[in-house]
Amino acid sequence: MSNKPRSTTPNHHKHIDRINSERLTELAEFLKSCRKRTNPETFGLPSQPRRRNPGLSRAEVASLAGISVDWYTWLEQGRDIRPSVQVLDNLTKVFRLTEPEKRYLYALTDYPPIPTEALDADVQLMRCMIGHMPKAPAIVLRKDWQILTQNACADELFGTWSHVEETNKNILYLFFTAPIFTEHLRHWEWHAKIAIRQFRAIYATEIGNPVFVSLIERLNNISPHFSQWWAETDVAGRDDGRKEFDHPSLGYLDYDYTILRPAENQALEVIIFIPRAA
(Lines give C-alpha, C1' and ligand atoms only; values in the text may rest on other atoms or scores of the structure.)
Protein backbone atom coordinates (compact mmCIF):
# COMPACT_ATOMS: atom_id res chain seq x y z
CA MET A 1 0.00 0.00 0.00
CA SER A 2 1.33 3.40 -0.91
CA ASN A 3 2.11 5.88 1.85
CA LYS A 4 1.73 8.77 -0.56
CA PRO A 5 -0.58 11.43 0.94
CA ARG A 6 -3.95 11.75 -0.76
CA SER A 7 -3.44 15.48 -1.20
CA THR A 8 -0.68 14.83 -3.74
CA THR A 9 -2.65 12.55 -6.04
CA PRO A 10 -3.53 13.89 -9.53
CA ASN A 11 -7.26 13.33 -8.99
CA HIS A 12 -7.17 15.33 -5.77
CA HIS A 13 -5.43 18.22 -7.52
CA LYS A 14 -8.02 18.14 -10.31
CA HIS A 15 -10.81 18.22 -7.72
CA ILE A 16 -9.25 21.20 -5.93
CA ASP A 17 -8.70 23.00 -9.25
CA ARG A 18 -12.33 22.48 -10.24
CA ILE A 19 -13.63 23.74 -6.90
CA ASN A 20 -11.33 26.74 -7.07
CA SER A 21 -12.50 27.51 -10.60
CA GLU A 22 -16.16 27.35 -9.58
CA ARG A 23 -15.50 29.60 -6.61
CA LEU A 24 -13.69 32.18 -8.72
CA THR A 25 -16.54 32.17 -11.23
CA GLU A 26 -19.08 32.65 -8.46
CA LEU A 27 -16.99 35.49 -7.00
CA ALA A 28 -16.74 37.20 -10.39
CA GLU A 29 -20.51 37.05 -10.96
CA PHE A 30 -21.23 38.33 -7.47
CA LEU A 31 -18.89 41.32 -7.88
CA LYS A 32 -20.43 42.18 -11.25
CA SER A 33 -23.91 42.04 -9.73
CA CYS A 34 -22.87 44.27 -6.81
CA ARG A 35 -21.20 46.79 -9.10
CA LYS A 36 -24.19 47.07 -11.43
CA ARG A 37 -26.65 47.65 -8.62
CA THR A 38 -24.57 50.28 -6.80
CA ASN A 39 -25.91 53.78 -7.39
CA PRO A 40 -23.16 56.17 -8.61
CA GLU A 41 -24.99 59.10 -7.03
CA THR A 42 -24.14 57.62 -3.63
CA PHE A 43 -20.58 58.75 -4.28
CA GLY A 44 -21.44 62.02 -6.01
CA LEU A 45 -20.94 60.53 -9.47
CA PRO A 46 -23.21 61.20 -12.44
CA SER A 47 -25.96 58.66 -13.05
CA GLN A 48 -28.21 57.84 -16.01
CA PRO A 49 -28.79 58.81 -18.79
CA ARG A 50 -25.13 59.78 -19.23
CA ARG A 51 -24.05 56.18 -18.58
CA ARG A 52 -24.23 53.36 -21.07
CA ASN A 53 -24.54 50.71 -18.34
CA PRO A 54 -26.19 50.67 -14.90
CA GLY A 55 -24.18 51.04 -11.71
CA LEU A 56 -20.52 51.86 -11.30
CA SER A 57 -17.79 51.26 -13.83
CA ARG A 58 -14.87 48.98 -12.99
CA ALA A 59 -12.57 52.02 -12.89
CA GLU A 60 -14.86 53.73 -10.38
CA VAL A 61 -15.01 50.67 -8.13
CA ALA A 62 -11.23 50.34 -8.25
CA SER A 63 -10.75 54.00 -7.39
CA LEU A 64 -13.23 53.92 -4.51
CA ALA A 65 -11.73 50.67 -3.14
CA GLY A 66 -8.15 51.94 -3.42
CA ILE A 67 -6.96 49.25 -5.84
CA SER A 68 -5.81 49.25 -9.45
CA VAL A 69 -8.27 48.87 -12.30
CA ASP A 70 -6.35 45.84 -13.56
CA TRP A 71 -6.56 44.13 -10.16
CA TYR A 72 -10.31 44.66 -9.87
CA THR A 73 -10.84 43.63 -13.52
CA TRP A 74 -8.98 40.38 -12.83
CA LEU A 75 -11.38 39.67 -9.95
CA GLU A 76 -14.39 40.14 -12.24
CA GLN A 77 -12.71 37.95 -14.84
CA GLY A 78 -12.41 35.10 -12.33
CA ARG A 79 -8.62 35.03 -12.30
CA ASP A 80 -6.87 33.07 -9.59
CA ILE A 81 -5.80 35.92 -7.33
CA ARG A 82 -6.40 36.31 -3.61
CA PRO A 83 -7.46 39.79 -2.48
CA SER A 84 -6.30 40.91 0.94
CA VAL A 85 -8.65 41.43 3.87
CA GLN A 86 -8.22 45.18 3.39
CA VAL A 87 -9.38 44.93 -0.22
CA LEU A 88 -12.41 42.88 0.81
CA ASP A 89 -13.28 45.39 3.52
CA ASN A 90 -13.01 48.23 1.01
CA LEU A 91 -15.25 46.45 -1.49
CA THR A 92 -17.74 45.76 1.29
CA LYS A 93 -17.95 49.49 1.97
CA VAL A 94 -18.17 50.48 -1.71
CA PHE A 95 -20.99 48.03 -2.40
CA ARG A 96 -22.73 48.66 0.95
CA LEU A 97 -22.90 44.91 1.57
CA THR A 98 -25.16 43.46 4.23
CA GLU A 99 -23.66 41.12 6.84
CA PRO A 100 -24.81 37.97 4.96
CA GLU A 101 -23.39 39.39 1.72
CA LYS A 102 -20.11 40.22 3.45
CA ARG A 103 -19.81 36.68 4.83
CA TYR A 104 -20.62 35.37 1.37
CA LEU A 105 -17.87 37.51 -0.21
CA TYR A 106 -15.32 36.28 2.32
CA ALA A 107 -16.39 32.65 1.85
CA LEU A 108 -15.82 32.94 -1.90
CA THR A 109 -12.22 34.07 -1.47
CA ASP A 110 -11.06 30.96 0.41
CA TYR A 111 -11.48 27.19 0.31
CA PRO A 112 -14.71 26.04 1.87
CA PRO A 113 -14.58 24.31 5.25
CA ILE A 114 -15.10 20.56 5.43
CA PRO A 115 -18.84 20.15 5.98
CA THR A 116 -19.91 18.93 9.42
CA GLU A 117 -21.93 15.76 9.20
CA ALA A 118 -25.25 15.51 10.98
CA LEU A 119 -24.70 13.09 13.87
CA ASP A 120 -27.33 10.40 14.39
CA ALA A 121 -27.49 11.22 18.09
CA ASP A 122 -28.24 14.87 17.34
CA VAL A 123 -30.96 13.93 14.86
CA GLN A 124 -32.55 11.58 17.39
CA LEU A 125 -32.52 14.31 20.02
CA MET A 126 -34.14 16.78 17.62
CA ARG A 127 -36.75 14.16 16.64
CA CYS A 128 -37.61 13.62 20.28
CA MET A 129 -37.83 17.37 20.93
CA ILE A 130 -40.15 18.20 18.04
CA GLY A 131 -42.25 15.11 18.77
CA HIS A 132 -43.38 16.84 21.97
CA MET A 133 -44.78 19.82 20.05
CA PRO A 134 -48.45 18.94 19.49
CA LYS A 135 -49.49 22.24 17.88
CA ALA A 136 -46.34 23.51 16.18
CA PRO A 137 -45.18 21.96 12.89
CA ALA A 138 -41.43 21.40 13.05
CA ILE A 139 -38.83 20.10 10.59
CA VAL A 140 -35.20 19.08 11.09
CA LEU A 141 -32.91 19.92 8.16
CA ARG A 142 -29.36 19.08 7.17
CA LYS A 143 -27.03 21.86 6.02
CA ASP A 144 -28.11 21.34 2.39
CA TRP A 145 -31.78 21.64 3.56
CA GLN A 146 -32.47 17.94 3.17
CA ILE A 147 -35.38 16.96 5.42
CA LEU A 148 -34.15 14.51 8.06
CA THR A 149 -37.32 14.26 10.13
CA GLN A 150 -40.50 16.17 10.96
CA ASN A 151 -43.22 15.87 13.56
CA ALA A 152 -46.83 14.78 13.17
CA CYS A 153 -48.05 18.37 13.03
CA ALA A 154 -45.73 19.01 10.08
CA ASP A 155 -47.09 15.86 8.41
CA GLU A 156 -50.55 17.38 8.67
CA LEU A 157 -49.42 20.72 7.23
CA PHE A 158 -47.00 19.60 4.51
CA GLY A 159 -47.75 15.92 4.01
CA THR A 160 -45.34 13.07 4.68
CA TRP A 161 -43.47 13.44 1.36
CA SER A 162 -43.92 9.69 0.90
CA HIS A 163 -44.44 10.23 -2.85
CA VAL A 164 -41.17 12.19 -3.22
CA GLU A 165 -37.85 10.55 -4.10
CA GLU A 166 -35.40 10.58 -1.20
CA THR A 167 -32.91 12.93 -2.89
CA ASN A 168 -35.73 15.41 -3.55
CA LYS A 169 -36.93 15.59 0.06
CA ASN A 170 -35.27 18.95 0.29
CA ILE A 171 -36.95 22.20 1.31
CA LEU A 172 -35.43 24.21 -1.52
CA TYR A 173 -36.44 21.59 -4.09
CA LEU A 174 -39.95 21.31 -2.65
CA PHE A 175 -40.33 25.09 -2.64
CA PHE A 176 -40.37 24.92 -6.45
CA THR A 177 -42.16 21.61 -6.97
CA ALA A 178 -44.65 20.93 -4.15
CA PRO A 179 -48.16 22.45 -4.39
CA ILE A 180 -48.21 23.19 -0.65
CA PHE A 181 -45.65 25.89 -1.47
CA THR A 182 -46.20 26.82 -5.13
CA GLU A 183 -50.02 26.93 -4.89
CA HIS A 184 -50.96 27.30 -1.23
CA LEU A 185 -48.22 29.49 0.30
CA ARG A 186 -49.26 33.13 0.15
CA HIS A 187 -46.69 35.44 -1.48
CA TRP A 188 -44.87 32.37 -2.80
CA GLU A 189 -42.63 34.32 -5.19
CA TRP A 190 -41.35 36.59 -2.42
CA HIS A 191 -40.68 33.62 -0.11
CA ALA A 192 -39.02 31.63 -2.91
CA LYS A 193 -36.63 34.46 -3.71
CA ILE A 194 -35.71 34.77 -0.02
CA ALA A 195 -35.09 31.02 0.15
CA ILE A 196 -32.71 31.21 -2.83
CA ARG A 197 -30.82 34.13 -1.30
CA GLN A 198 -30.43 32.26 1.99
CA PHE A 199 -29.34 29.05 0.29
CA ARG A 200 -26.77 30.90 -1.82
CA ALA A 201 -25.07 32.15 1.35
CA ILE A 202 -24.75 28.53 2.53
CA TYR A 203 -23.61 27.36 -0.91
CA ALA A 204 -20.62 29.71 -0.77
CA THR A 205 -19.12 27.44 1.90
CA GLU A 206 -19.91 24.28 -0.06
CA ILE A 207 -18.90 25.05 -3.66
CA GLY A 208 -17.84 21.80 -5.30
CA ASN A 209 -19.84 19.65 -2.87
CA PRO A 210 -21.62 17.19 -5.23
CA VAL A 211 -24.77 17.17 -3.06
CA PHE A 212 -25.20 20.91 -3.48
CA VAL A 213 -24.17 20.85 -7.15
CA SER A 214 -26.69 18.11 -7.97
CA LEU A 215 -29.53 19.94 -6.19
CA ILE A 216 -28.86 23.17 -8.07
CA GLU A 217 -28.60 21.35 -11.40
CA ARG A 218 -31.93 19.57 -10.83
CA LEU A 219 -33.68 22.81 -9.96
CA ASN A 220 -32.17 24.62 -12.93
CA ASN A 221 -33.51 21.86 -15.18
CA ILE A 222 -37.07 21.85 -13.85
CA SER A 223 -37.79 25.44 -12.78
CA PRO A 224 -37.38 28.52 -14.98
CA HIS A 225 -38.15 30.62 -11.90
CA PHE A 226 -35.26 29.06 -10.00
CA SER A 227 -32.87 29.50 -12.94
CA GLN A 228 -33.75 33.18 -13.26
CA TRP A 229 -33.56 34.02 -9.55
CA TRP A 230 -30.46 31.91 -8.87
CA ALA A 231 -28.63 33.83 -11.61
CA GLU A 232 -29.29 37.12 -9.80
CA THR A 233 -26.66 36.24 -7.12
CA ASP A 234 -28.51 37.97 -4.29
CA VAL A 235 -27.67 36.87 -0.75
CA ALA A 236 -29.59 36.96 2.55
CA GLY A 237 -29.16 35.71 6.10
CA ARG A 238 -31.13 32.85 7.64
CA ASP A 239 -33.74 34.71 9.69
CA ASP A 240 -37.03 34.12 11.43
CA GLY A 241 -40.20 35.15 9.64
CA ARG A 242 -43.86 34.54 8.89
CA LYS A 243 -45.69 32.23 6.48
CA GLU A 244 -49.37 32.10 5.57
CA PHE A 245 -51.04 29.16 3.85
CA ASP A 246 -54.38 28.64 2.17
CA HIS A 247 -54.37 24.96 2.98
CA PRO A 248 -56.57 22.71 0.78
CA SER A 249 -58.06 20.91 3.79
CA LEU A 250 -57.16 22.96 6.88
CA GLY A 251 -58.10 26.38 5.53
CA TYR A 252 -56.20 29.56 6.30
CA LEU A 253 -53.09 29.03 8.47
CA ASP A 254 -50.84 31.78 9.82
CA TYR A 255 -47.47 31.00 11.41
CA ASP A 256 -44.46 32.74 12.79
CA TYR A 257 -41.42 30.54 12.28
CA THR A 258 -38.08 30.44 14.02
CA ILE A 259 -34.86 28.59 13.23
CA LEU A 260 -32.78 26.86 15.91
CA ARG A 261 -29.41 25.11 15.67
CA PRO A 262 -27.64 22.77 18.11
CA ALA A 263 -24.69 24.62 19.66
CA GLU A 264 -22.25 21.84 18.79
CA ASN A 265 -23.59 20.93 15.34
CA GLN A 266 -24.19 23.79 12.95
CA ALA A 267 -24.91 21.27 10.17
CA LEU A 268 -28.40 20.81 11.62
CA GLU A 269 -31.27 23.22 12.00
CA VAL A 270 -34.81 22.98 13.29
CA ILE A 271 -37.59 25.10 11.79
CA ILE A 272 -40.53 25.54 14.13
CA PHE A 273 -43.82 27.01 12.88
CA ILE A 274 -45.69 28.70 15.72
CA PRO A 275 -49.41 29.44 15.15
CA ARG A 276 -50.12 33.16 15.39
CA ALA A 277 -52.85 34.36 17.72
CA ALA A 278 -56.11 35.10 15.92
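A crossing of two helices is left-handed if the near helix is turned anticlockwise from the far one by less than a right angle, and right-handed if clockwise. The model is predicted: local features need pLDDT of at least 70, side-chain atom pairs count only at pLDDT 80 or more, and totals for chains, interfaces and linings use all residues. Residues are numbered from 1 along each chain as its sequence is written, and side-chain values use heavy atoms, without hydrogens and water.

**Exercise 1.** Describe how helix 10 and helix 11 pack.

Step 1. Find the helices, which are DSSP runs of H or I with at least four residues, numbered from the N terminus.

Step 2. Take the axes, lines fitted to C-alpha atoms over the stretch in contact, with angles from 0 to 180 degrees between N-to-C directions.

Step 3. Helix 10 passes helix 11 in a left-handed crossing.

Step 4. List the contacts (heavy atoms within 4.5 Å). Phe-199, Ile-202 and Tyr-203 of helix 10 meet Phe-212, Leu-215 and Ile-216 of helix 11.

**Exercise 2.** Which residues does Phe-181 touch, not counting residues up to four places away in sequence?

Step 1. Apply the contact cut-off to Phe-181, leaving out residues up to four places away in sequence.

Step 2. The partners are Phe-158, Trp-161, Ile-171, Leu-174, Phe-175, Trp-188 and Phe-245.

Definitions and conventions. Helix = DSSP H or I, 4+ residues; strand = E, 2+ residues; numbered from the N terminus.
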